[in-house]
Amino acid sequence: MMADLMPVDFINTQTLFKLIEIAVILGLLIPIAAMLVWVERRMIGIWQDRHGPNRVGPGGILQSLADLLKILGKDEFTPKFADRFTFIAAPIIAAVTVLMSFAVIPFSDTIGVSNLNIGVLFFLAMTSLAVYGVVLAGWASKNKYALLGSMRAAAQTISYEVFMGLSLMGVVLLTGSFNLRDIVLAQQDGWFISTQIIGFIVFLIAGIAESHRLPFDLPEAETELTAGFHTEYSGLKFALFFLGEYLGVTLISAMSVTLFFGGYLAPSFLPANIANMIPALVWFIGKVFILIMFFILLRTSLPRPRFDQLLAFGWKVMLPLALFNLLLTAVLRLTGVISGAGDINHG
Amino acid sequence: MSVEVPFYFAAAIAIIASLRVVTGSNAIHALLYLVVSLLAVAVCFYFIGAPFAAGLEVIVYAGAILVLFVFAVMMFDLQGEDEAKHFGRAGNEGWFSAWFGPSVLALLLLVELVYIIVVSDSEQLLASNVIEAKQVGILLYGPYLLAVEIASFLLLAGLVAGYHFAKPDVQGGRP
């Protein structure tokens, strides 16, 4: 059917190449997210002065594979009282929306699925759709812990989305574009972290809240809600939620790198001949990896706040901070203190 | 050709989903169809050259407002008497039409989104006038300034009313 609709555009070498590129990126992202589970457990172990999983393979590197085999061997259980179709659809929504966001991220100067000119908005749209996965999961489980978890998730995600969007607008102001590739190229002379430090901090905190990572993992707080919205999940469906969470961490790190740390560009203080020796993709992956490590370090070191504290912190601290950052950037940009790429047409 | 076919395709999905919103009797099913309808409208916006409006449609409507709706319905439904009906367990045929419809429509939209990403890289799809965010901003704060101000007053009124309703009652007479 699709072939009838687009006989001209759909099958040509360029399109085919694009499809292969998408397949390769997907085929690499999912194992990377799986490996992160092992990296996280090992790093937490080291930081807490114990070994962590080190038995499967050299240094425990095959731990994720062992976990995967174990999870595949589990009974694919759907509770009798659950709403069957939604119960299955929810983890798929959670994983697919995160994977879709990777479409707009420029991995290097040539690699990247799409060069959408509303890249930043696309990312925000996909993160805001991701909440349906969690909400529907909690609701379809018909379990009061799951419902409470998904209620928290909805409140938390909607609140922190606001600040996340606002914190990015400083970068958009400096670049004059929503296109992520333009944003990276605008950072050739200096990364945006130098002028957008408040924006970065707000974005990072909002990102942790959006991906339900540990200081902000109240939707699945195991001491209060057993396992929160995925209480009733097991086997492959649980694995999808797990995968979605680690993909979310990777996504937030990749977005931070793209927006604030120059994406795939080498640091501008390095001489060109040294910077050129290392390919762009390696720069990108290296920066993303450092940020992921930071996420893991945060997880080991911070306690979990109470839920009302979380929301109050969001609306009373983060929102004013994000607005202040936006206003300050706009003023400095208009008065010419900070120069940005793109022209401003007065009038 | 390359713009019109996907546009009408998305438009048809939007119309079908919207019809299901008003013909169904079940609140949750209607909401899910509404989500699909909004996503389809966003795709329509994208194809007629308004990517900014498309992005905002998904972020604001599908991503925030309808999540609140689903949230509210989800909370109240668990305590309702007709729980079985709402969860589609009445004759055990309800769940199929309830969940299958929206997911098929959403799946078609996903196919179209992949089509945008694969084929577009924007130039060949949207050769004719693309409205960028900058133009939207200039128009909003130029000719349509009055409309923006009126809308903001409306929102302010809503905010004040919301604050008033949410304020805890003070026991024993006037505060």
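Some housekeeping: residues are numbered from 1 along each chain as its sequence is written, while chains are lettered from A and ligands numbered from 1 in the order in which they are written. This is a predicted model, in which local features need pLDDT of at least 70, side-chain atom pairs count only at pLDDT 80 or more, and totals for chains, interfaces and linings use all residues.

Chain A comes to 13 helices and zero strands; helices (H or I, at least four residues) and strands (E, at least two) are DSSP runs, numbered from the N terminus. How does its radius of gyration sit against that of a compact globule? With 347 residues, such a globule would be near 20 Å, and chain A agrees at 21 Å. That radius is taken over C-alpha atoms, and the globule rule is 2.2 Å times the number of residues to the power 0.38. Along the principal axes, the C-alpha atoms of chain A fill a box of roughly 65 × 50 × 50 Å.

Now for the packing. Two packed helices are described by the angle between their axes and the distance between the axes. Axes here are lines fitted to C-alpha atoms, for helices over the stretch in contact, and angles run from 0 to 180 degrees between N-to-C directions.

Start with helix H5 (residues 119-141) of chain A, which packs with H6(A) at an angle of about 175°, their axes 8 Å apart. Contact means that the C-beta atoms of two residues, placed from the backbone, lie within 7 Å. Among the residues that meet are A:Val131, A:Val135 and A:Trp139 in H5(A) and A:Ala153, A:Thr157 and A:Leu168 in H6(A). The residues of this contact divide into 13 nonpolar, eight polar and one charged; Ala, Val, Leu, Ile, Met, Phe, Trp, Tyr, Cys and Pro count as nonpolar, Asp, Glu, Lys and Arg as charged, and the others, Gly among them, as polar.

Next, helix H6 (residues 144-175) of chain A also meets H8(A): their axes come within 8 Å and cross at roughly 150°. That makes H6(A) roughly antiparallel to H8(A). The contact includes A:Tyr160, A:Phe163 and A:Met164 of H6(A) and A:Val202, A:Phe203 and A:Ala206 of H8(A). Its residues divide into nine nonpolar, six polar and one charged.

Helix H8 (residues 197-210) of chain A has a further contact, with helix H10 (residues 235-260) of chain A; the axes come within 10 Å and cross at roughly 165°. H8(A) and H10(A) are therefore roughly antiparallel to each other. A:Phe200, A:Phe203, A:Leu204 and A:Gly207 of H8(A) make the contact with A:Ile252, A:Ser256 and A:Phe260 of H10(A). By class, that is five nonpolar, two polar and no charged residues.

pLDDT is the predictor's confidence in each residue, from 0 to 100. Chain A has a mean of 80, with 90% of its residues at 70 or more. Confidence in chain A is highest in H8(A), at 88, and lowest in helix H1 (residues 2-5) of chain A, at a mean of 46. Chain B averages 75, and 71% of its residues score at least 70. For the complex, the predictor gives an ipTM of 0.75 and a pTM of 0.82.

Notes:
Angles under 35 degrees count as roughly parallel, over 145 as roughly antiparallel, 65 to 115 as roughly perpendicular and the rest as oblique.
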